[in-house]
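Thanks for making the time. I will go through one structure this morning, helix by helix, and then look at a few single residues.

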Amino acid sequence: MWSVVAAVVGVAGVVAGVLALTRGRGAVVALGSGLAGAAGGGVVVAMAKGGPGTGYGIVGGWAALVIGLAAVALGGLALARSRGFVGGRR
């Protein structure tokens, strides 16, 4: 169950990151949600005692970890773009 929660938080971060790239707001939300999703997925992966198909949620944990890192990347790019480091606005 924790892997599903972490994946949902990570997906919310990806959505916030895409919105931050298109509208210019929400980069910090994307960073925070992505970090929380990646951390939750990492905890699930670290605590799992078995491999895929054993019921420990390791596949969902890996998915949450990847989705969370994607949200962090999108949020970081949006934050860098808003600060003028990317895109040539500076």
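The buried residues of helix H2 are covered by, among others, helix H1, residues 2–23, and helix H3, residues 58–83. Keep in mind that this is a predicted model.

Let me stay with H2. This helix runs over residues 27–47, which is 21 residues. From the first C-alpha of H2 to the last is 30 Å, close to the 30 Å expected at 1.5 Å a residue. Which residues of H2 are buried? They are Ala27, Ala30, Ser33, Gly34, Gly37, Ala38, Gly41, Val44 and Val45. Looking down the axis of H2, these buried residues fall within an arc of 130 degrees, so they line one face of the helix. The face turned away from that buried side carries exposed residues, namely Val28, Val29, Leu35, Val43, Ala46 and Met47.

Apart from residues up to four places away in sequence, Ser33 touches Val9, Gly10 and Gly13.

Next, H1. This helix has 22 residues, which should span 32 Å at 1.5 Å a residue; the end C-alpha atoms of H1 are 31 Å apart, which agrees. Its buried residues are Ser3, Ala6, Ala7, Gly10, Gly13, Ala16, Gly17 and Ala20. The cover over them includes H2 and H3. Just after H1 comes Gly24, with a positive phi of about 90 degrees.

Ser3 is a residue of H1. Is Ser3 buried or exposed? At 8% relative accessibility, Ser3 counts as buried. Leaving out residues up to four places away in sequence, Ser3 touches Val44, Gly57, Gly60, Gly61 and Ala64.

Now to how the helices pack in pairs. The axes of H1 and H3 come within 8 Å and cross at roughly 20 degrees. That makes H1 roughly parallel to H3. The crossing of these two helices, H1 and H3, is left-handed. On the H1 side, the contact is made by Ser3, Ala6, Ala7, Gly10, Val11, Gly13, Val14, Gly17, Val18, Ala20 and Leu21. On the H3 side, residues making the contact include Gly60, Gly61, Ala64, Ile67, Gly68, Ala70 and Ala71.

The second pair is H2 and H3. Their axes come within 7 Å and cross at roughly 160 degrees. That makes H2 roughly antiparallel to H3. H2 also passes H3 in a left-handed crossing.

I will finish with Ala71, which lies in H3. Setting aside neighbours within four places in sequence, Ala71 is in contact with Gly10, Gly13, Val14, Ala30 and Gly34. The C-alpha atoms of Ala71 and Ala38 are separated by 8.9 Å, while the two residues are 33 residues apart along the chain.

To recap, H1 is roughly parallel to H3, H2 is roughly antiparallel to H3, and the buried residues of H2 line one face of that helix. I can take questions now.

Conventions. Residues are numbered from 1 along each chain as its sequence is written. This is a predicted model: local features need pLDDT of at least 70, side-chain atom pairs count only at pLDDT 80 or more; totals for chains, interfaces and linings use all residues. Side-chain values use heavy atoms; hydrogens and water are left out. Helices (H or I, at least four residues) and strands (E, at least two) are DSSP runs, numbered from the N terminus. The expected span of a helix is 1.5 Å times one less than its number of residues. Buried means under 20% relative accessible area, exposed over 50%, partly exposed in between (1.4 Å probe, protein chains only). The arc is that of the directions from the helix axis to the C-beta atoms. Contact means heavy atoms within 4.5 Å. Axes are lines fitted to C-alpha atoms, for helices over the stretch in contact, and angles run from 0 to 180 degrees between N-to-C directions. Angles under 35 degrees count as roughly parallel, over 145 as roughly antiparallel, 65 to 115 as roughly perpendicular and the rest as oblique. A crossing is left-handed if the near helix is turned anticlockwise from the far one by less than a right angle, and right-handed if clockwise.
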